[in-house]
Structure formats: C-alpha cells, structure tokens
Amino acid sequence: MGYLALALLFLAFVVWISRVLVYSVWLKPMKLERLLKKQGVLGPPYELLYGNIRENDALNNQARSKPMNSSHKIAPRVAPILHQTAQKYGKLSLLWYGTQARVTVFDPEMVKEILSNKFGHFKKPKLNPLLKLLATGLAHHEGEKWARHRRIINPAFHLEKIKLMLPAFSATCIDLIEKWEKLMKGHSSCEVDVWPHLQQLTADVISRTAFGSSYKEGDRIFKLQSEQAELMMQAANSIYFPGLEFLPTKTNLRRWAVDREVRALLTGMIKKKEKKAIDDMGEAATDDLLGLLIKSNIKESQLGMTLDDVIAECKLFYFAGQETTSVLLNWTMVALSMHPHWQTRAREEVLQTFGKNKPDFDGLTHLKIVNMILHETLRLYPPVVALLRSTYKEMTIGGVTFPAGVELCLPIVLLHHDKEIWGEDADEFNPERFSKGVSNATKYQTAFFPFGWGPRICIGQNFALTEAKLALAMILQNFWFELSPTYVHAPLPIVTVQPQYGTQVILHKLDG
C-alpha cells in the first residue's frame, strides 16, 4: 500500500509539473499574444519555448558577418530584430525572448510616461541570475533600497566633486598624449588602433578617481569585467531555465571564478581605502569616489550599505564608468574623422579657449561646439541600444493595457535615428541640431536619452561628459586625425556599442 501511495503521489506530481509547463510555455504566451494582438500590438509569431530567440540569433549573425559602409545608420546592425519588427509592425511591436513577452515601445510620449514612472508602476526587469555577476548595484535596485543607495552615492557625483577630480582626468590624458607621441618615433604621423588606448584611458580615470589607484592596480579588474561582459552576453542571448546558474558547466565555472577574483580584488581595495580614508573622527580623508561613498555611508548609520553593497557599486563604477566614456570618445573620433570640417571647428574652439594650456573646468563648460559634437555622437551611437522596464501590475499606457510581468523595451537607437523626430537627415552627423541645447533639439523630451531619463537617469552622466570633453579637447590640442584605410566600420553591441574590429586611425602631430 505504501508503494502504491508513493506511486500515486509521484504521478500527481508529474501531472502537476506537466500542467505548469504547458501553461508556462504555451497557454500563457498564447493568451497574452491574443490579448495584445486585439489591441494592435503585433509581432513575429511565438515559437514554443524559444520565442523569437532563434530568429534574433540568425539576424545578429547575419548583421555582424559583414561590416557597414561609412554610414551612421547603425540600427540595422546593432539591433536588427528591433529595427526589422519596428519597420514591419510599427511603433508598438511584440517580441518573445523565450517565454518572456517584450513589447518594443517606439513612441517618445509613451517612453516619457514609462521613464517618468510617477506612480512606481514600471520597474527594472528581474535580472537573470547569470547576469548578476557582472554588475548590479544602483542600476538594478528598486524602491527604498534604490532611494537609499542613490542618496548615499549622490554626493560623490556632485559637480563640485567632479571639478576636484579634474587633475586626475588631466594626468591620465597627458599619459595618453605622451604614449601616442612615443609611437610616432620622431615622425609626424603614425597609424594607431585608438580603441584599446581609449579603453585604457577611461579605465585609468576610474581607477584614479574611484580608488586613488593607478591603472595597473585596476587593470586586472577591467580585464576580468570585460570577460564577464562577454559571458553575460552569451547568457542574455540564451534561454534561461531556473537553477541553470547552479550547474557546474564550463561557462558557469568560469563565471564563478571571475567573480571570486573580482570580489577579492575589490574587497582588498575597499578595506585598504577604509583604513586610509577614515580618520579618528570617522570622516573620509580623501575626495575619490570610494572615499566619498564611505563618508556618506557612515552618516547613514545602521541604514548604510554592507560590504557586499559597496562591492556591487564598485563593480558598477568600474564597468559603467569605463565603458560609457570609452565608447563615446571612440565614436566621436570616428565621426570627426569622417567629417573633418567639424574636427577643424572643434579644434579652433579648443585652441581659442585654452591655447596649448591644460584645459580647466570653467573653460570646458563653455565649449559649445565640442558639446554639440558629443551630443550628436551620443545620438548616433548611444552607448546602449535599449532600456528595459517591466510592469509589476496591469497598466494602461498609450491606450494599450499591459498585464503584469510584460517587459517594455525602449529602443534608444531607433528613437535616436527616427526621421519623424529628427528629420530626413536623422542618420547623418549634424551637430548643428544641438546648437540651442539638448532641450531644443527636438520637441520630444525623451527622443534623446543616451543616459536614460527621469528619476533613474544615470548618476554618472556629468562625470562621463566632463571626462569626454577634457580628453577630446586635449587630443584636439595635439593631433589631427583621419581614419586609416585599414579601418572597418562595424559597430557591435557587447553590452555597450563597441567597434568590432578596432578603430584604426592615422594620427598627425600638430605643428607647434
């Protein structure tokens, strides 16, 4: 009788699991697809279990198998499935990432409502556990924890604090200029793949400003974080099954090993900084980001951040801080090489403002042409292709009702290249469109949001733009540059939009 009871229990369990699976992988997606279809939200059909992942992979492989011409129309290459579905199905289109429904919202007014998040109805999607190893921190927290962390971190990114970091920015840029001059070996020009140099530049800036350390001390962390980003993209483009992160696969073992080493390195740096940066009165003695964070955290008393919290924020400093500015500088150099008259105008402005002297903070704030160029580069080459939000309850927006748990994809790259918003020259490099400032470049406030928008706008925006202005100004003071015949134009999204084959540039030393 006991065996029969166990058999019946096991059978009941199998039946229950089967029903759950059938509902999850077929009935629920079909029901949701019909609901959205009735409201005019269409897309390619759902494929059992895979959704549109196979189609997405095929389009990505096809797009990345060949380079672009010199056009700035990057959306078909960096986000082919978003571009294709928007063209075919309109401003709202449905895609399936496995069994997860994701609606692409290609309408600036709806994007504004989602990002303003007045009533807290839109959250960051639940993060795939395999992706958490790269960076979480402020970018992924919600509710009170997000508000508390933002309050603790905010003081480190005030403009007055960034102004104090300018000597570290300058010292790193001088190192880069001297390195490029040495590569010339007495000649007036040479070919350089500037992409790894720009990565090293921004890595050094983060190391110095976040921890007061040199690039060499932080170099290992950057290499590990870059590897983790590659592993993360593999996970992001694959089907996730609950518990997959615990399986000792070859890839998972490597993910864990990378994370352990990064945590160990960061823990050592944090402990060292705590010992050095806090005096007898409990005040931080330094003005680097970690010191400021520790100082602010102490004031929170029992509501402050734990060691794990600080490690998570440090990972985010390292990854987001370095990646955003390096790709911005890279694509700015590409754009100015393709459009040399704008390079000339920018250089004239820099030399008129600073001459050959080291740029200062006040002067940087008055570089109108450089500012226009950086914003136009961010429009054409946004660091990230899209933002994701998720409904935690049924929500009606733009006349469409979305059930709880639907992901909303806000395609930055599509909105930044939309001809209805920016005009027929939307795919062309025209910094003049920002001559009256960002708010007057278009009638839609959220048609331009390279750093996000609303209450969750990137906390490091001023840090990144100040660093980029200074680096570009010093490069323009010392060199003029053009693309090498060996350069291959091939933007590729690896978390951020990077050059697939590097950025080969011919640097020419300026006379005098």
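Tutor: Start with the lining of the largest cavity: Phe222, Gln225, Ser226, Tyr318, Phe319, Gln322 and Glu323. The model is predicted, so local features need pLDDT of at least 70 and side-chain atom pairs count only at pLDDT 80 or more, while totals for chains, interfaces and linings use all residues. Residues are numbered from 1 along each chain as its sequence is written, and side-chain values use heavy atoms, with hydrogens and water left out.

A cavity here is a set of points, on a 1 Å grid over the protein atoms alone, where a 1.4 Å probe fits but cannot get out; lining residues have an atom within 4 Å of a point. Grid points are joined across faces, edges and corners, and a volume is the space filled by probe spheres set on the points. By this rule there is one cavity of 30 Å³ or more. The volume of the largest cavity is about 30 Å³.

Two helices, α10 (215–236) and α13 (307–338), each give at least two residues to that lining. Helices (H or I, at least four residues) and strands (E, at least two) are DSSP runs, numbered from the N terminus. The largest share, four residues, belongs to α13. By class, the lining has three nonpolar, three polar and one charged residues. Nonpolar covers Ala, Val, Leu, Ile, Met, Phe, Trp, Tyr, Cys and Pro; charged covers Asp, Glu, Lys and Arg; the others, Gly among them, are polar.

Now follow α13 to a sheet. α13 lies across β9 and β12, at about 80° to β9. Axes are lines fitted to C-alpha atoms, for helices over the stretch in contact, and angles run from 0 to 180 degrees between N-to-C directions. Contact means heavy atoms within 4.5 Å. Helix α19 (residues 461–478) also lies across β9 and β12, running at about 95° to β9.

That open sheet has three strands in the order β4-β12-β9, with antiparallel pairing. β4 (189–193) and β9 (479–483) are at the edges with a single partner strand each, so one side of each has no neighbour in the sheet. On average, neighbouring strands of this sheet are turned by 30° against each other, direction ignored. Strands pair if DSSP finds at least two bridges between them. β4 and strand β12 (residues 504–509) are joined by five bridges and run antiparallel. Ser189 has His508 of β12 as its bridge partner.

Next, helix on helix. The axes of helix α14 (residues 340–354) and helix α16 (residues 368–380) come within 8 Å and cross at roughly 140°. α14 and α16 are therefore oblique. Angles under 35 degrees count as roughly parallel, over 145 as roughly antiparallel, 65 to 115 as roughly perpendicular, and the rest as oblique. Trp342, Arg345, Ala346, Glu349 and Val350 of α14 meet Lys368, Ile369, Val370, Met372 and Ile373 of α16. That contact has seven nonpolar, no polar and three charged residues.

A second pair is helix α2 (residues 53–64) with helix α4 (residues 80–89). Their axes are 8 Å apart, at an angle of about 110°. α2 and α4 are therefore roughly perpendicular. Glu55, Asn56, Leu59, Asn60 and Ala63 of α2 touch Pro80, Ile81 and Gln84 of α4. By class, this contact has four nonpolar, three polar and one charged residues.

Key: 1 Å grid on protein atoms, 1.4 Å probe; cavity = no way out; pocket = protein on both sides within 12 Å on 5 of 7 lines; lining within 4 Å.
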